[in-house]
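Open the model in your viewer and keep the selection tool at hand. The stops below say what to select and what is found there.

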Amino acid sequence: MEEKVDPSPPDGDSINLSVLNWEQVQRLDSILTGSIPIHGRWSFPTLEVKPRDIVKVVRSRLEEKRIHVREVRLNGSAASHVLHEDSGLGWKDLDLIFCADLKGEMEFQIVKDIVLDSLLDFLPEAVNKEKITPMTLKEAYVQKMVKVCNDSDRWSLISLSNNHGKNVELKFVDSLRRQFEFSVDSFQIRLDSLLLFYECSEHPMAATFHPTILGESVYGDFPTALDHLRRRLICTRSPEEIRGGGLLKYCHLLVRGFRAASDSEMKLLQRYMCSRFFIDFSDVSEQRRKLESYLQNHLVDLEDRKYDYLATLYDVVQESTVCLMGHERRQTLNLISSLALQILAKQNAIPNAANVTCFYQPAPYVADSNFSNYYVAQVQPLYPCCPSPPQHYLTPQHPIYATWLPCN
C-alpha cells in the first residue's frame, strides 16, 4: 500500500510524533547552519555549503517551476544524532527530503536541472560560470543519482560528493512505500518551522525563544524507537520489503555495538534479510559491487573494523541463508572471505605474499574415472598464518582436500 509523505500533523497526540527539546534544537541548528564541503573532482574548487542555504535555493526554484514542495525533512543518521547525541551511529550523510509533487518524467528532469544549476550559486566568485554546463557540474560534484518511478514509489536522489563520506543527499519524494530499515534509523525531523524562523526572526534562538519542531518516527512508535536508539537495540519488521533486506545495515549495527531486541525474533528475520538480499543481488558480481560500495560509503570512519564487519556478514549469511543452492552459497561466502583478506592485506595483518602459496580446486569431473587429463597431486596440508594483531578468521566453507593444486 502506498504511503504518501504527509506534511500536516494528525489531529490530537500521536505516538509517532514528538516535540524536540532545546538541546535537540541546538544540535539541529548547528547541522543546518554549519558548512559542509562539497569536494570537486579534478581542478574544480571545493564548495562550502550550508544545508539551510541549499534548501532555500532549491526549494524556491522548484516553486518557480510550479513544483510544489509540501515540506522539507531531515532524515537518516543526522536526524538520529539530533535526537540522541551518543547514539553510537555518529552521522555521515546529510539526508534532506523534499516532499514534492512529481507527476511525470518532466518533473524529475526539472528537479535534476535545478539542483545542478543551484551549484553555480556556491562556486567562488572568481570562477567563470558562463561556460560551465550542467553535465560538467554533474561530473564534478555529484556522487550518485537515483530515480525510482513505479506504482508504489516515486522519488529521486542526488548525492553531492564529500571525500570524508559526509555526502549531502537531496531526496525528492512524491511517494515512498518503505521509509526505514530499522527503528533506530526511522527518524525524520520536520524543518519548515525552523527554516521559517531563519527567514523571519530578527533575534537569535534561545531556550525560551525558538520554534516548535516536530520529530517523527516512520517506524510508527516514537518512544519505542527512541528507546531502541538510546539502548542500542536492533528492531525492524518485514525486512523482505526493504531493498537488499537491510542485511548490510544489520551487520553494520552489530559491528557498532548494537544488539537484537529479541534474539529469537531476529534469528527468524535474518532469513528474510538474506532471502531478499539474494533476490535483489542474485549475481556474485552484483554482490561484489554492492559490498565494495557499502564498505567505501558507510564504513569511512571504521577502517579498523571493516574486517570485523565482513566476518559478521559471513557468519549471518552462513547461518541464515536458506534460499540458495550449495554452490551459490559457497560463491558468496568465498566472495566475503576474499574481501576480508584484502582488508587484512591493507592493514598489513597477513604475511608477505611472497611466502604464501595459493591453491585451487579442480572441477568436480576430475573424480570421473574416465577423465584423465588432470594430474591430481598430493599436496602438503595448509597451515594457518598468525597475523599481528590477532584476528578472528573466517571458517572455510569446504574441508581442505588433497585434491587442491598449487598455482605456480
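## Stop 1

Select arginine 232, which at 25% relative accessibility counts as partly exposed. The model is predicted. Arginine 232 sits in the loop between H7 and S11. Its phi is positive, about 55°, although arginine 232 is not a glycine.

Move on to serine 238, in the loop between S11 and H8. Serine 238 likewise has a positive phi in a residue other than glycine, near 45°. At 25% relative accessibility, serine 238 is partly exposed.

## Stop 2: the whole chain

Zoom out and colour by secondary structure. The protein chain has 12 helices and 14 strands. Of its 408 residues, 46% are buried. Among contacts with a separation of 6 or more, 73% are between residues 24 or more positions apart.

## Stop 3: helix H8

Select residues 247–255, helix H8, where 8 of the 9 residues are buried. The buried set is Leu247, Leu248, Lys249, Tyr250, Cys251, His252, Leu253 and Val255. Show what surrounds them: the buried residues of H8 pack against strand S11 (233–234), H9, helix H10 (284–298) and H11. Then step just past the end of H8 to glycine 257, which takes a positive phi of about 95°.

## Stop 4: H9 against H11

Two of the elements that pack against H8 come next. Select helix H9 (residues 263–280) and helix H11 (residues 306–320), whose axes come within 9 Å and cross at roughly 95°. H9 is therefore roughly perpendicular to H11. To see the contact, show Lys267, Gln270, Arg271, Cys274 and Phe278 on H9, together with Val316, Val317, Glu319 and Ser320 on H11. These residues divide into 4 nonpolar, 2 polar and 3 charged.

Centre on glutamate 319, in helix H11. Which residues does glutamate 319 contact, leaving aside its neighbours within four places in sequence? They are Lys267 and Gln270. Glutamate 319 and lysine 267 are 52 residues apart in sequence, and their C-alpha atoms are 9.1 Å apart in space. Glutamate 319 is partly exposed, with a relative accessible area of 47%.

## Stop 5: helix H3

Select residues 76–83, helix H3. Here 8 of the 8 residues are buried, so H3 is largely enclosed by the rest of the structure. Those residues are Gly76, Ser77, Ala78, Ala79, Ser80, His81, Val82 and Leu83. To see what covers them, show helix H1 (22–33), strand S4 (69–75), strand S5 (94–100), S9 and H7, which are included in the cover.

## Stop 6: S9 and H7

Stay with S9 and H7, both part of the cover over H3. By the ring-centre criterion, the model has 10 aromatic pairs. One of them is phenylalanine 187 with phenylalanine 222, an edge-to-face pair at 5.4 Å centre to centre with 70° between the planes. Phenylalanine 187 belongs to strand S9 (residues 187–190) and phenylalanine 222 to helix H7 (residues 222–231), so the pair ties together parts that are 35 residues apart in sequence.

Next select serine 183, in the loop between strand S8 (168–175) and S9. Serine 183 has 0% relative accessibility and counts as buried. Beyond its neighbours within four places in sequence, serine 183 is in contact with Tyr219, Ala225, His228 and Cys235.

## Stop 7: other rings

Select Trp42, Phe44 and Tyr141, which ring pairs link into a cluster.

Select tryptophan 155 and lysine 171: the charged end of lysine 171 sits over the ring, 4.4 Å from its centre. Then select phenylalanine 180 and arginine 178, where arginine 178 lies over the face of the phenylalanine, at 4.2 Å from the ring centre.

Technical notes: Residues are numbered from 1 along each chain as its sequence is written. This is a predicted model: local features need pLDDT of at least 70, side-chain atom pairs count only at pLDDT 80 or more; totals for chains, interfaces and linings use all residues. Side-chain values use heavy atoms; hydrogens and water are left out. Rings of Phe, Tyr and Trp (its six-membered ring) pair if their centres lie within 6.5 Å; planes under 30 degrees apart count as stacked, over 60 as edge-to-face and the rest as tilted. Helices (H or I, at least four residues) and strands (E, at least two) are DSSP runs, numbered from the N terminus. A charge sits over a ring if NZ of Lys or CZ of Arg is within 6 Å of the ring centre and within 35 degrees of the ring normal. Buried means under 20% relative accessible area, exposed over 50%, partly exposed in between (1.4 Å probe, protein chains only). Contact means heavy atoms within 4.5 Å. Axes are lines fitted to C-alpha atoms, for helices over the stretch in contact, and angles run from 0 to 180 degrees between N-to-C directions. Angles under 35 degrees count as roughly parallel, over 145 as roughly antiparallel, 65 to 115 as roughly perpendicular and the rest as oblique. Ala, Val, Leu, Ile, Met, Phe, Trp, Tyr, Cys and Pro count as nonpolar, Asp, Glu, Lys and Arg as charged, and the others, Gly among them, as polar.
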